[in-house]
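Me: I have a model open and would like to learn how to read its features one by one. Could you walk me through them?

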Amino acid sequence: QVQLVESGGGLVQTGGSLRLSCAASGGTFNRYAMGWFRQVPGKEREEREFVAGINFSGATTNYADSVKGRVTISRDNAKNTVTLQMTSLKPEDTAVYYCAARRALESTVVVTANRYAHWGQGTQVTVSS
């Protein structure tokens with residue numbers, strides 16, 4: 001079973017940038033599609049919002065409309081890592097960001113949280129106005 005550990009969250013001003021990383025272990029990383037989700041207070045786990053996803057090979061990516069053009073997801077299958085580069089951050093981006101994995105060898109990217117079986121512990125991103 002794959003274990004995921006996020007890092008890179010923090011406090012940033014509006015318009016700033018952050019780079020989130022997720023390190024995977026315990027599984028064959030290149031057999032997993034990866035996603036980044038975020039959760040704000042008052043929302044349940046199942047209501048985590050899809051931010052970005054990348055398929056097992058890295059050939060396909062998908063982004064939420066709310067972050068498109070500001071966020072880039074990438075993966076390094078040799079290093080078992082997935083990265084979320086965020087720019088032009090807004091206060092509404094404030095949330096706990098979670099890395100997620102699902103075992104899938106397909107070209108599409110799933111955007112539904114309950115389709116991902118493995119989750120990290122989350123990292124807080126706070127954007128001040």
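**Strands, rings and contacts**

Reply: Let's start with a strand pair: β4 and β5 pair in the antiparallel sense over five bridges. Two strands pair if DSSP finds at least two bridges between them, and strands (E, at least two residues) are DSSP runs numbered from the N terminus. The model is predicted, so local features need pLDDT of at least 70 and side-chain atom pairs count only at pLDDT 80 or more, while totals for chains, interfaces and linings use all residues. Residues are numbered from 1 along each chain as its sequence is written, and side-chain values use heavy atoms, with hydrogens and water left out.

Me: Which residue stands opposite Gly35 in β5?

Reply: Gly53 in β5 faces Gly35. On to the next pairing: β5 and β6 are antiparallel too, over three bridges, and Tyr63 in β6 is the bridge partner of Ala52. The hairpin of β5 and β6 has six residues between the strands, and there Gly58 takes a positive phi near 90°.

Me: How many residues of β5 are buried?

Reply: First the cut-offs: buried means under 20% relative accessible area, exposed over 50%, and partly exposed in between, with a 1.4 Å probe and protein chains only. In β5, five of its six residues are buried, which makes the strand mostly covered.

Me: And Ala59, is that residue buried or exposed?

Reply: Ala59 counts as exposed, at 65% relative accessibility. You will find Ala59 in the loop between β5 and β6 (61–63). As a distance check, the C-alpha atoms of Ala59 and Asn114 are separated by 23 Å, and these residues are 55 apart along the chain.

Me: Let's turn to sheets. In what order do the strands of the open sheet run?

Reply: Read the order across the sheet, from partner to partner. Here four strands form an open sheet in the order β1-β3-β8-β7, with antiparallel pairing. β1 and β7 (71–76) stand at the edges with a single partner strand each, so one side of each is left without a neighbour in the sheet. The twist averages 15° from one strand to the next; for such angles, axes are lines fitted to C-alpha atoms (for helices over the stretch in contact), and angles run from 0 to 180 degrees between N-to-C directions.

Me: Which residues in β8 stand opposite Ser21 and Cys22?

Reply: Thr83 is opposite Ser21, and Val82 is opposite Cys22. β3 and β8 (residues 81–86) pair over six bridges. Towards β1 (residues 3–7), β3 pairs over five bridges, and Ala24 in β3 is the bridge partner of Leu4.
The two faces of β3 (residues 18–25) read like this: Leu18, Leu20, Cys22 and Ala24 make up the covered face, while Arg19, Ser21, Ala23 and Ser25 make up the uncovered one.

Me: Now aromatic rings. How many aromatic pairs are there?

Reply: Rings of Phe, Tyr and Trp (its six-membered ring) pair if their centres lie within 6.5 Å; planes under 30 degrees apart count as stacked, over 60 as edge-to-face, and the rest as tilted. That rule gives five aromatic pairs. One of them joins Phe37 and Phe50: their centres are 5.6 Å apart and their planes at 75°, so the pair is edge-to-face. This pair links distant parts of the chain, 13 residues apart, with Phe37 in β4 (residues 32–39) and Phe50 in β5 (residues 49–54). Phe37 and Phe50 are both buried.
For Tyr116 and Trp119, the ring centres are 6.5 Å apart and the planes at 65°, so this pair is edge-to-face. Tyr116 and Trp119 are both buried.

Me: Which residues form the aromatic cluster?

Reply: Phe37, Phe50, Tyr98, Tyr116 and Trp119 form one cluster.

Me: Where do charges sit over rings?

Reply: The test is that NZ of Lys or CZ of Arg is within 6 Å of the ring centre and within 35 degrees of the ring normal. The charged end of Arg75 sits over the ring of Phe29, 4.4 Å from its centre. Arg48 lies over the face of Tyr98, at 3.5 Å from the ring centre.

Me: What does the side chain of Gln39 reach?

Reply: A polar contact is a pair of N or O atoms within 3.5 Å; within protein, one must be able to donate a hydrogen and the other to accept it, and residues adjacent in sequence count only if both atoms are side-chain atoms. The side chain of Gln39 reaches the backbone oxygen of Lys43 at 2.8 Å, and a polar contact of 2.7 Å joins the side chains of Gln39 and Arg48. Gln39 belongs to β4 and is buried, with a relative accessible area of 15%.
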